[in-house]
Amino acid sequence: VSHSQITRLYSRFTSLDKGENGTLSREDFQRIPELAINPLGDRIINAFFPEGEDQVNFRGFMRTLAHFRPIEDNEKSKDQNGPEPLNSRSNKLHFAFRLYDLDKDDKISRDELLQVLRMMVGVNISDEQLGSIADRTIQEADQDGDSAISFAEFVKVLEKVDVEQKMSIRFLH
Amino acid sequence: VLAALAAGAAEARATSEGQLPGAAAMGTGTPPSPSGTAFEETRLHVFTLDYPHVQIPFEITLWILLASLAKIGFHLYHKLPSIVPESCLLILVGLLLGGIIFGAEEKSPPVMNSDVFFLYLLPPIVLDAGYFMPTRLFFENFGTIFWYAVVGTLWNAIGIGISLYGICQISAFGLTDITLLQNLLFGSLISAVDPVAVLAVFENIHVNEQLYILVFGESLLNDAITVVLYNLFKSFCQMRTIKVIDIFAGIANFFIVGIGGVLIGILLGFVAAFTTRFTHKIRVIEPLFVFLYSYLSYITAEMFHLSGIMAITACAMTMNKYVEENVSQKSYTTIKYFMKMLSSVSETLIFIFMGVSTVGKNHEWNWAFVSFTLLFCLIWRALGVFVLTQIINVFRTIPLTFKDQFIIAYGGLRGAICFSLVFLLPPAVFPRKKLFITAVIVVIFFTVFIQGITIRPLVEFLDVKRSNKKQPAVSEEIYNRFFDHVKTGIEDVCGHWGHNFWRDKFKKFDNKYLRRLLIRENQPKSSIVSLYKKLEIKHAIEMAESGMISKVPSSVSLSEYHEGKIKPLSPTEMENMREILTKNLYQIRHRTMSYNRHSLAADANEKQAKEILIRRRHSLRESLRKTNSLSRERPVLAFCGGLL
């Protein structure tokens with residue numbers, strides 16, 4: 001991430017931080033009006049906070065955002081042996097998976113799927129319809145028959161989807 | 001409009017009417033008296049038909065009515081608007097009308113004169129564009145917009161002018177009498193890009209916001225610059241000798257015209273905002289102030305020969321924010337709708353005139369000139385965009401990709417402005433005026449029809465990386481939408497392009513002085529609270545408490561689930577599911593309302609936002625309680641305005 005980007009994000013961080021104590025709390029995120037009408041707003045906010053904590057500092061903020069860096073072509077072949085960069089395809093998918101998987105058991109159960117679906121959908125769908133859609137989704141992904149989607153199955157379903165592009169924000173370049 | 005047209009058209013008309021030889025000079029006026037000597041008394045007529053009396057308004061009304069009916073027909077087949085831009089339709093209607101008039105009367109139909117266009121038809125269009133311009137986005141990209149508009153237009157104008165002059169020198173084409181200045185003038189008027197058709201197509205292309213604001217902003221500034229250049233070259237053409245001092249005067253004039261116009265616009269914008277502070281007792285005429293002040297800024301600028309277009313744009317952009325807060329909700333809606341209506345009518349009339357005047361005798365066809373004009377327009381636009389982008393990309397944080405450049409270059413459609421400008425050339429100074437008219441019409445038709453229709457398939461072609469023939473699974477739609485929501489959410493957290501020194505300074509100044517002065521009840525509210533207020537949360541909460549929206553999937557559906565026995569679905573059921581999903585999945589919030597001259601697309605988003613907010617009311621209420629104790633902030637009303 002270039003220097004100017006970091007400066008910019010830091011100034012954004014400080015402007016969000018109303019309490020001016022160097023960390024962001026959930027309320028600071030809630031204050032972003034665009035996020036308020038994002039159906040997945042709560043989940044996204046939660047993704048910033050590490051397990052059990054209520055405050056996130058700038059480092060944590062950047063760490064989460066780093067998942068959304070676009071993947072450069074020259075980076076792909078660079079460092080095969082080192083730790084995988086945060087914005088690799090696999091890590092992006094992991095991030096998305098964690099948004100579904102609330103209880104962190106590494107599986108997306110039908111219940112968790114239904115919750116996310118319900119958040120994303122208007123009021124005109126009945127519960128039964130939603131239930132059958134959720135069933136269908138699990139059926140399409142499930143390979144080992146446990147009626148839940150594990151991370152490997154999740155990856156497999158999305159192999160044709162251009163995740164790199166969908167989970168990249170241009171100006172984090 | 002009517003008076004002006006009457007003057008222009010009366011002569012052509014009255015002679016053919018044949019009823020009133022005596023009233024030929026007037027056109028309107030005295031009711032027909034049956035011819036008779038002074039000694040013959042005429043009986044009282046019980047029923048008379050007096051067409052010339054109402055002729056002009058009657059015909060105009062018919063024209064507008066016909067175009068509007070055509071629009072209804074156009075939208076009946078719902079796939080058509082996404083393939084063919086509306087401008088094509090309007091031109092076709094115009095051609096039809098022109099054909100009818102020509103066929104009926106065997107001569108060219110009436111054309112408009114310069115006052116009608118510049119004083120009546122152009123301002124509504126520009127006002128519409130300026131009022132709905134998302135200001136924050138505009139200023140964030142102002143450098144690039146300015147660069148494309150000014151340097152790009154100059155590049156196009158001079159490039160086309162000089163190359164055409166080169167072509168004219170070749171005596172084989174019979175064009176040697178067109179001077180360099182005339183060519184430059186022609187070049188400047190044909191580089192006026194009118195992206196209305198492209199913007200209509202943009203909604204289907206899913207172009208990113210940056211690109212959208214670039215094209216939009218470029219078109220506005222571009223119009224102003226074209227008009228300035230046009231007037232400049234026109235006066236040059238009419239001067240006998242041109243000294244060096246005149247060229248410098250021209251350049252200075254350019255700047256004065258632009259900046260002067262903007263200043264007038266800003267001044268009147270503030271006055272308008274101030275006026276609306278006191279209008280709460282006379283809500284009914286609130287919209288009138290908006291229109292009057294904008295139009296006043298336009299004609300005041302025109303009075304000083306400054307750029308009226310810049311003035312009205314600046315006025316609209318300035319008063320936008322403040323007026324929105326001062327006027328009532330209903331007035332605000334009225335303003336928006338009335339503005340759309342006016343600009344729609346204006347544009348309709350212009351395109352109809354275009355169609356009408358295509359059919360007629362004021363043409364001169366010259367293969368070389370016309371085809372080279374078209375060629376040079378395309379070449380210089382593409383070159384210009386390419387070269388300029390290379391330079392400006394150095395200064396931008398987010399560089400423009402090849403696809404962006406292609407869209408900008410290919411989307412350079414010509415339209416109403418260049419058409420009007422060519423019609424207003426004084427024929428005394430331009431003996432080959434008819435040739436120019438023909439060339440312009442050909443270029444416009446080509447760009448609007450061919451480029452307008454093909455831009456969408458071409459962009460889709462550029463976009464496709466891997467063609468996936470497999471039938472998409474039901475879940476794929478869900479996943480795609482899921483990712484889009486996440487991405488939008490993270491983008492919102494990042495606050496997009498971050499903060500800008502000047503913008504922050506302006507905001508502080510704005511909060512301290514301007515808002516106090518110009519807005520009636522200026523109580524800074526927390527942004528969530530103001531959102532709530534506008535969404536009539538009481539009603540919403542009642543609806544939610546009565547159980548219409550459930551947050552947790554009901555236990556019934558959970559118990560219906562049989563372990564391991566998921567039955568395979570038939571194709572129709574799959575289709576049903578997919579359809580249900582497509583209809584019901586929430587849309588990504590568009591940060592800027594996509595501009596469409598022909599509609600206001602606010603309602604769907606409003607409903608969606610309401611539902612989401614209700615659902616999240618618990619977590620939001622929590623945060624409300626905590627934020628109320630912290631320092632005040634100003635409401636994010638640009639966002640609210642966009643939402644609502």
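**Notebook: chains A and B**

I looked up A:D111 and found it partly exposed, at 32% relative accessible area; buried means under 20%, exposed over 50%, and partly exposed in between, with a 1.4 Å probe and protein chains only. The model is predicted, so I noted that local features need pLDDT of at least 70, side-chain atom pairs count only at pLDDT 80 or more, and totals for chains, interfaces and linings use all residues. Residues are numbered from 1 along each chain as its sequence is written, chains are lettered from A in the order in which they are written, and side-chain values use heavy atoms, without hydrogens and water.

A:D111 sits in helix α8 (residues 110–120) of chain A. Helices (H or I, at least four residues) and strands (E, at least two) are DSSP runs, numbered from the N terminus.

Next I checked A:D106, which lies in the loop between α7 (89–100) and β3 (107–108) of chain A. A:D106 is partly exposed, at 49% relative accessibility. Its phi is positive, about 65 degrees, though A:D106 is not a glycine. Most residues other than glycine have a negative phi.

In chain B I found a positive phi at B:H305 too, near 55 degrees. B:H305 is in the loop between α12 (286–303) and α13 (308–326). B:H305 is exposed, with a relative accessible area of 68%.

How many helices and strands does chain B have? I noted 27 helices and zero strands. Of its 644 residues, 50% count as buried. In helix α17 (residues 416–423) of chain B, eight of eight residues are buried, among them B:C418 and B:F419.
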